[in-house]
Amino acid sequence: MENIAAVLYGNNDIRLEKYEVEEPKENEVLIQMASVGICGSDVHYWTKGKIGDFIVKEPMILGHESGGIVARCGPGVKNLQVGDRVAIEPGVPCRVCEYCKSGRYNLCLDIIFCATPPIHGSLRNYYTHPSDFCYKLPEHVSLEEAALLEPLSVAVHACRRSGVTAGCCVLVLGAGPIGLLNMMVAKAFGATKVFITDISDSRLDTARSLGADYAVNIKNHTELEMIKEIVQATNGGPNITIECCGAEASVRLGILSTKSGGVICLVGCGPDEVKIPIINASAREVDIRGIFRYANCYPIALDLVATGRVNVKPLVTHRFSLSETVKAFETAKEGKGIKIMIKCSNAA
Ligand code: NAD
Ligand code: ZN
């Protein structure tokens with residue numbers, strides 16, 4: 001069994017190298033990798049070598065949005081069998097700390113997360129993972145959809161934490177993969193109106209084709225004009241705003257547009273410190289909430305896809321083979337398309 005991996009050595013330096021095929025340990029499965037999506041963070045590590053305090057010091061295998069087929073089961077595995085197709089939840093927490101025990105395991109200080117240095121990711125032919133963080137796919141759910149459950153889980157977590165429910169009016173700022181998925185999940189959770197913004201017309205076209213009620217390019221508008229337009233279209237402002245780009249201007253617009261008593265959820269990661277109208281938010285009881293990845297969201301994300309409530313398929317715009325990894329990353333860096341998939345085997 002050959003195991004080629006896409007390894008990041010530092011800035012702009014990805015190499016394809018042979019790795020040992022690991023033997024699955026207790027409660028682990030060996031997975032023949034099929035589809036791995038490229039995420040903005042993978043590209044950031046590739047171009048900058050770090051994200052905040054996470055620095056690529058040692059060579060690191062990339063990839064954390066993935067699906068594959070169980071090739072071997074380690075001792076003790078009960079939930080999966082060889083041949084099962086699975087989605088892989090990439091963050092495995094310590095399981096014993098206060099956060100893990102209370103269910104908020106995304107906040108675990110000892111979580112190990114694929115392709116967050118120094119932890120190796122799944123962009124390779126064979127990868128081992130704890131079996132309880134692998135979710136068996138129904139026959140009609142594809143391995144590409146499995147890979148998309150990762151960003152979809154971010155959206156499920158954001159929509160749950162911000163309280164999206166039937167009849168809500170939701171503003172999504174930024175129409176990248178995360179913004180688009182938030183828009184789709186908000187609709188699946190019962191939002192009746194979704195207003196989405198971006199600075200790219202093509203991304204807004206995609207948003208319209210995926211069900212946005214209003215998709216507006218903020219580029220040629222002042223902040224005041226945008227607030228007016230959003231408030232008018234949403235009958236007094238959205239109850240819930242989900243910020244998915246991180247730009248200071250966007251966080252500001254989100255706070256100022258949200259209806260009094262509403263919620264703004266910050267998903268986008270911009271600069272560490274930004275200037276925001278905090279008194280406006282507090283005087284109007286607009287709650288500002290953050291999210292960090294997700295916890296307990298993979299099963300919901302899988303159900304949304306399996307029942308057809310969310311169709312993630314149109315997000316995949318480019319496909320490459322594992323040997324074309326550098327080309328795939330270049331395509332992602334240029335901002336072409338929406339989601340770039342790498343196929344690690346013929347199983348995809
Ligand atoms: P992306 O870069 O593909 O999408 C961002 C979109 O925002 C782009 O389409 C861009 O044109 C648009 N944009 C830029 N400035 C804007 C502005 N002022 N107003 C409106 N739109 C604007 O990224 P993505 O993969 O969709 O991820 C979105 C953000 O979510 C990133 O910052 C990412 O780091 C973050 N993220 C956070 C978490 C978390 O756990 N909090 C998880 C995943 C991603
Ligand atoms: Zn823990």
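Predicted model: local features only at pLDDT ≥ 70, side-chain atom pairs only at ≥ 80, totals over all residues.
Close-up 1. Helices (H or I, at least four residues) and strands (E, at least two) are DSSP runs, numbered from the N terminus. There are 19 residues around the ligand, and Ile 178, Asp 198, Arg 203, Cys 269 and Arg 293 come nearest; to be near, a residue needs a heavy atom within 4 Å of the molecule. Sorted by class, the shell has 12 nonpolar, four polar and three charged residues, with Ala, Val, Leu, Ile, Met, Phe, Trp, Tyr, Cys and Pro taken as nonpolar, Asp, Glu, Lys and Arg as charged, and the others, Gly among them, as polar.

**Close-up 2. Backbone contacts to ligand 1.** Here are some polar contacts, meaning pairs of N or O atoms within 3.5 Å. Val 267 puts a backbone N or O atom 3.1 Å from a nitrogen atom of ligand 1. For Cys 269, a backbone N or O atom sits 2.9 Å from an oxygen atom of the ligand, and a polar backbone atom of Arg 293 is 2.6 Å from a ligand oxygen. On its own, ligand 1 has 860 Å² of accessible area, and the protein covers 74% of that (Shrake-Rupley method, 1.4 Å probe).

Close-up 3. Seven of the 10 residues of H7 (residues 248-257) are buried, so the helix is largely enclosed by the rest of the structure. Buried means under 20% relative accessible area (1.4 Å probe, protein chains only). Ser 250, Val 251 and Leu 253 are among them, as is the run Gly 254, Ile 255, Leu 256 and Ser 257. Their cover includes helices H6 (223-233) and H8 (278-283), plus strands E13 (169-173), E16 (240-243), E17 (263-266) and E18 (287-290).

**Close-up 4. Aromatic pairs.** The structure holds five of these, counted when ring centres of Phe, Tyr or Trp (its six-membered ring) lie within 6.5 Å; planes under 30 degrees apart are stacked, over 60 edge-to-face, the rest tilted. Tyr 105 and Phe 133 have ring centres 5.9 Å apart and planes at 90 degrees, so they pair edge-to-face. Both are buried. Tyr 135 and Tyr 298 are stacked, because their centres are 5.4 Å apart and their planes at 20 degrees. That pair joins strand E12 to helix H9 (residues 298-306), across 163 residues. Tyr 135, Tyr 294 and Tyr 298 make up one aromatic cluster.

**Notes.** Residues are numbered from 1 along each chain as its sequence is written, and chains are lettered from A and ligands numbered from 1 in the order written. Local features need pLDDT of at least 70 and side-chain atom pairs 80 or more, while totals for chains, interfaces and linings use all residues; side-chain values use heavy atoms, leaving out hydrogens and water.

Terms used: Polar contact = N/O pair within 3.5 Å; in protein donor to acceptor, adjacent residues only side chain to side chain. Buried < 20%, exposed > 50% of the residue type's maximum accessible area, 1.4 Å probe, protein only. Contact = heavy atoms within 4.5 Å.
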